[in-house]
Amino acid sequence: MRFLSLLRTIFVFGSGRLVLGHEYGRHLHPRTDQTTIGEPTLAINGVPFSTRAFWMRQANVALGHPCPYGAFGTVIVNHTDSSGLGELVCTGANNRSATGNPILHGEIAAINNCTRVLTDPQGPYKLSPSEALSAFASLTLYTNAESCPMCASAIRWAGFREYVYGTTIDALIAKGWGQIRISSQEVFRQSYDLPDAARLIGGVLTNETDPYFFWQNDPDYPCPKGCSWNEGSCEADKQ
């Protein structure tokens, strides 16, 4: 049985089985005062790269479409039992256009969804609000692109054990995306007063995440897998 250690209290989580993946992108990052952006191929906190790659692919799957314009997807996972893949707790995707909520980025949506899942009295965990707040310290957030400073700050306030991203903010800017130019590394460096330290792991599987973001402003860039160019935009291939 898998379990999630919530500080000094243990709450039982369920289990799941999924398939591993292989490929990756390499990015080296400097050490900071609070956290290291680890090379993505390392087995950090006992979690092998193949498992990181699997969950980064699931962050892409969380989009629900092979080539949405704002393709920012997130999954939140329990790796307390590092002997297996871990357990999916919740997902989220950028939902600003569908809801009219300007701050509903993929990470914010996932955190909101996790709060609902963890505290649902009919759900698998049935945690109290205070227990749910403590639970985030044992969870890992995967997002297919580096978080904006709003979302990176939310990740720090939530107190996640790990934050893992794919495509970097610098890569998004280079491909024409408007961004607030504050890196996750800087947000983490400036949040050392917060009680829960978090591990930052960047550049995971960028060869698969980059295509979701590089076509929007570059008509010469290939569409993501499962999509083709049609009248100036990438559209899902017909089945």
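Visitor: Which residues touch the most other members of the largest nonpolar core?

Guide: Welcome! This is a predicted model, where local features need pLDDT of at least 70, side-chain atom pairs count only at pLDDT 80 or more, and totals for chains, interfaces and linings use all residues. Residues are numbered from 1 along each chain as its sequence is written, and side-chain values use heavy atoms, with hydrogens and water left out. A nonpolar core is a set of buried (under 20% relative accessible area, 1.4 Å probe, protein chains only) Ala, Val, Leu, Ile, Met, Phe, Trp, Tyr and Cys residues joined through side-chain atoms within 4.5 Å. In the largest one, of 28 residues, the members touching the most others are Ile76, Ile111, Leu118, Phe136, Leu141, Phe160 and Tyr163.

Visitor: Which element gives the most to this core?

Guide: Helices here are DSSP runs of H or I with at least four residues, and strands are runs of E with at least two, numbered from the N terminus. Elements giving two or more residues include β5 (87–93), β6 (139–145) and α3 (106–119). With six residues, the top giver is α3.

Visitor: Is Thr74 buried or exposed?

Guide: Thr74 lies in strand β4 (residues 73–78). Its relative accessible area is 0%, so Thr74 is buried.

Visitor: What joins the side chains of Thr74 and Thr143?

Guide: Thr143 is among the residues that Thr74 touches (heavy atoms within 4.5 Å), not counting residues up to four places away in sequence. Their side chains are joined by a polar contact, meaning a pair of N or O atoms within 3.5 Å, one able to donate a hydrogen and the other to accept it, where residues adjacent in sequence count only if both atoms are side-chain atoms. Here that is a polar contact of 3.4 Å.

Technical notes:
Buried means under 20% relative accessible area, exposed over 50%, partly exposed in between (1.4 Å probe, protein chains only).
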